[in-house]
Amino acid sequence: MSTPDLTTRPQWQALRRHFAQIGAQHLRDLFAADPARGEQLTLEAVGLYLDYSKQRVDADTLRLLRELALACGLPQRIEAMFRGERINTTEQRAVLHVALRAPATADIRVNGRNVIPDVHAVLDRMAAFAERVRSGAWLGHGGKRIRHVISIGIGGSDLGPVMAYEALRAYSQRDLTFGFVSNVDGTDFVEATRDLDAGETLFIVCSKTFTTLETLSNAHAARAWCVQALGDESAVAKHFVAVSTAADEVAKFGIDTANMFGFWDWVGGRYSMDSAIGLSTMLAIGVEHFRAMLAGFHAMDEHFRHAPLEHNLPALMGLLAIWNGNFLGAATVAVLPYEQYLKRFPAYLQQLTMESNGKHVTLDGAPVDYATGPVYWGEPGTNGQHSFYQLIHQGTQLVPCDFIGFGQPLNPLGQQHDQLLANLIAQGEALAFGKSAAEVRAEGTPEALVAHRTFEGNRPSSTILAARLTPHALGSLIALYEHSVFVQGVIWNIDSFDQWGVELGKQLAKTTIAELTAKDEPPLAHDSSTNALIRRYRQLRDGKTSGS
Ligand code: F6P
């Protein structure tokens, strides 16, 4: 049965009419009309406090958005996900990252089988391995303890682990170093291993499929580097472990499957950082902190599943994103953590949000006639303020912002944390309220500069505050975004869990690699630009032209 087109739904039409009324209202007016707005338009769950009063919404907007969510079947779709239904319809898979952080007593079924015992069996194996490495009981081929861990993977098999390592570095065991190699550019591997002693280095090869070109190329390079340095093929057994769903491919590569940590096809790559893909995270922060992170995820899962829509944090965030993207016309979202440890959080969110919701057809395969996933981007504050905030404040594009901050610093240094958070708070205020021409004139600004120094304001933002960046808080924060992405996908009626759009480039690259590596230039049958680039690259590589 095909679903009605989103834009013809009465609830969508009602939002359109509502937008015609409220769209031009300035946040200054909304705040003036309701002095309690800054306290009322807030929501707190699982230790995360969301202030969305600086979004361009009122009580009617929120009600209409919730009505749209109900019409789109959001509560039923949430249940379908948690029950293990195959909601990833184009791949005919269940979507059960929530099972990865469910307690051992939970019962979540895929094809009638409870997957929770399998999840916990892998967690326990990871824990035993992590303890051995961290304590020095796991020895390398030459009898030295492991001092360096290099995780090899790409996309979902890299971005989560990198982000989590950086985010939770304050909790990490400092006598172990961690490196992450993802790019097929040899520089990534060479620089990551440059000063390392192979006898003290452990490689974790992370790949759901274990067929990804970049990861396999880097894993082969790592293997050659290790065997050459240690002079013995059998060293691989002590220096390589794999994380994958594909035991046969792991064995083919030459890693003993006894040294493999598994996960399942119902875990999407970009939703896998709390599966065995997070082994490097566990090695860094230890078993207890890893379990605390899982508990943070789970607490947000429970909230998402059970809280009514009016009090449901991920649902609210997802619906605000619909409002900003489809009604206010914002094409991007800036994520601005005022927390240095979250420096890789925007990069992580890019895959989570854009690989999930960068889709142009509905579940039925019909083209959408509305915007879907926005571009996510960002940098930690305050660095961004001295870079791209100018455009957010005075440019011609509307860029809704998510500010993220914590009450307590992990590295107190004089008054610097107060300075940091003062900037976070001030940016949201400046974006919302701006500075009128009258105010600029009143400061004595010469008339020629008044327009330049005027800030129109009315630029929406949300602020997320938590007490402290702990493993638990990180888990909850990530789950908040995961579920918000899901909510948006439900409204847009798209498959947020496939990624067909990455295939074409991969296929074409295979042909191109053959054309670049052939001894003599083969017949080229691409378009004229692609043919010329292949020729020019071959000449440059072979030193046959200066390129000028
Ligand atoms: O090319 C995109 C992608 O399939 C991502 O979805 C995935 O996270 C990444 O490649 C890595 O895949 P794998 O874990 O199978 O190596």
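This is a predicted model: local features need pLDDT of at least 70, side-chain atom pairs count only at pLDDT 80 or more; totals for chains, interfaces and linings use all residues.
A search of the whole structure identified 5 cavities of 30 Å³ or more. The largest cavity has a volume of about 140 Å³. Its lining comprises 14 residues, and Met 317, Ala 321, Val 333, Tyr 376 and Asp 402 are the ones nearest the centre of the cavity. Two or more lining residues are contributed by each of helix H14 (313–327), strand E12 (401–406) and helix H20 (471–492). Helix H14 supplies the largest share, 4 residues. Classified by side chain, the lining of the largest cavity contains 8 nonpolar, 5 polar and 1 charged residues.

The second largest cavity has a volume of about 60 Å³. Residues lining the second largest cavity include Ala 321, Asn 324 and Gly 325, together with Ala 330, Thr 332, Val 333, Thr 372, Pro 374, Pro 400, Gln 488 and Trp 492. The elements giving two or more residues to this lining are H14, strand E10 (332–337) and H20. H14 again gives the most, here with 3 residues. The lining of the second largest cavity is made up of 6 nonpolar and 5 polar residues, with no charged residue. Ala 321 and Val 333 are listed both among the residues nearest the centre of the largest cavity and in the lining of the second largest cavity.

Ile 513 belongs to helix H21 (residues 503–517). The relative accessible area of Ile 513 is 38%, and the residue is therefore classed as partly exposed.

Conventions:
Residues are numbered from 1 along each chain as its sequence is written. Side-chain values use heavy atoms; hydrogens and water are left out. Buried means under 20% relative accessible area, exposed over 50%, partly exposed in between (1.4 Å probe, protein chains only). On a 1 Å grid over the protein atoms alone, a cavity is a set of points where a 1.4 Å probe fits but cannot get out, and a pocket is an open set with protein on both sides within 12 Å along at least five of seven lines; lining residues have an atom within 4 Å of a point. Grid points are joined across faces, edges and corners, and a volume is the space filled by probe spheres set on the points. Ala, Val, Leu, Ile, Met, Phe, Trp, Tyr, Cys and Pro count as nonpolar, Asp, Glu, Lys and Arg as charged, and the others, Gly among them, as polar.
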